[in-house]
Amino acid sequence: MNETEAKEYIASMPGARLDYPFGADTAVYRAANDKLFALIAEGSNPLRISLKCDPNLAELLRDKYESVLPGYHLNKRHWITVLVTGQLDDDEIRDLIRHSFELVNA
């Protein structure tokens with residue numbers, strides 16, 4: 001998954017909107033309720049996507065994958081940062097994006 005594909009998928013979530021409250025290099029996606037659910041470090045290599053995540057799942061993912069880190073500049077318990085290196089496939093990344101979106105809309 002590249003940056004364009006990630007942005008298109010995130011933007012396809014119902015009511016999602018793009019914002020830049022942290023500067024021009026951090027794309028922030030909010031749900032219709034104005035809660036953040038995804039952040040992309042634009043131009044990062046590898047691509048970095050930060051997502052809200054159930055704390056138990058976040059811990060499992062961090063233990064299993066080197067490319068899943070505690071949320072960068074976010075609550076380390078409730079957020080993960082995924083380095084898109086190929087360790088997780090595109091479907092797994094899409095599942096995590098959807099999971100993040102569902103968490104903020106619960």
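These questions and answers walk through one predicted model.

The model is predicted, so local features need pLDDT of at least 70 and side-chain atom pairs pLDDT 80 or more, while totals for chains, interfaces and linings use all residues. Residues are numbered from 1 along each chain as its sequence is written, and side-chain values use heavy atoms, with hydrogens and water left out.

Reader: What is the volume of the largest pocket?
Author: A pocket is an open set of points on a 1 Å grid over the protein atoms alone, where a 1.4 Å probe fits, with protein on both sides within 12 Å along at least five of seven lines. Points are joined across faces, edges and corners, and the volume is the space filled by probe spheres set on them. For the largest pocket that gives about 270 Å³.

Reader: Which element gives the most to the lining of the largest pocket?
Author: Lining residues have an atom within 4 Å of a point. There are 13 of them, and Thr26, Leu39, Arg48, Tyr72 and His73 lie nearest the centre. Two elements give two or more residues: β3 (36-41) and β4 (47-52). Strands are DSSP runs of E, at least two residues long, and helices are runs of H or I, at least four, numbered from the N terminus. With 3 residues, the top contributor is β3.

Reader: How many residues of that lining are charged?
Author: Asp, Glu, Lys and Arg count as charged; Ala, Val, Leu, Ile, Met, Phe, Trp, Tyr, Cys and Pro as nonpolar; the others, Gly among them, as polar. The lining holds 6 nonpolar and 4 polar residues, and the charged ones number 3.

Reader: How far from the ring centre of Tyr72 does Arg48 lie?
Author: A charge sits over a ring if NZ of Lys or CZ of Arg is within 6 Å of the ring centre and within 35 degrees of the ring normal. Arg48 lies over the face of Tyr72, at 4.9 Å.

Reader: Is the pair of Phe37 and Phe101 stacked or edge-to-face?
Author: Rings of Phe, Tyr and Trp (its six-membered ring) pair if their centres lie within 6.5 Å; planes under 30 degrees apart are stacked, over 60 edge-to-face, the rest tilted. The count comes to 1 aromatic pair. Its centres, in Phe37 and Phe101, are 5.1 Å apart and the planes stand at 75 degrees, so the pair is edge-to-face.

Reader: How many residues apart in sequence are the parts that this pair ties together?
Author: Both Phe37 and Phe101 are buried (under 20% relative accessible area; exposed is over 50%, partly exposed in between, with a 1.4 Å probe and protein chains only). Phe37 lies in strand β3 and Phe101 in helix α3 (residues 90-104), so the parts tied together are apart by 64 residues.

Reader: Which side chain does Ser67 join in a polar contact?
Author: Ser67 sits in the loop between α2 (55-64) and β5 (68-70). At 3% relative accessibility, Ser67 is buried. A polar contact is a pair of N or O atoms within 3.5 Å; within protein, one must be able to donate a hydrogen and the other to accept it, and residues adjacent in sequence count only if both atoms are side-chain atoms. The contact here is 2.7 Å, and the partner is Gln87.

Reader: What is phi of His73 near?
Author: His73 is in the loop between β5 and β6 (79-84). His73 is exposed, at 67% relative accessible area. Most residues other than glycine have a negative phi. For His73 the value is positive, near 60 degrees.
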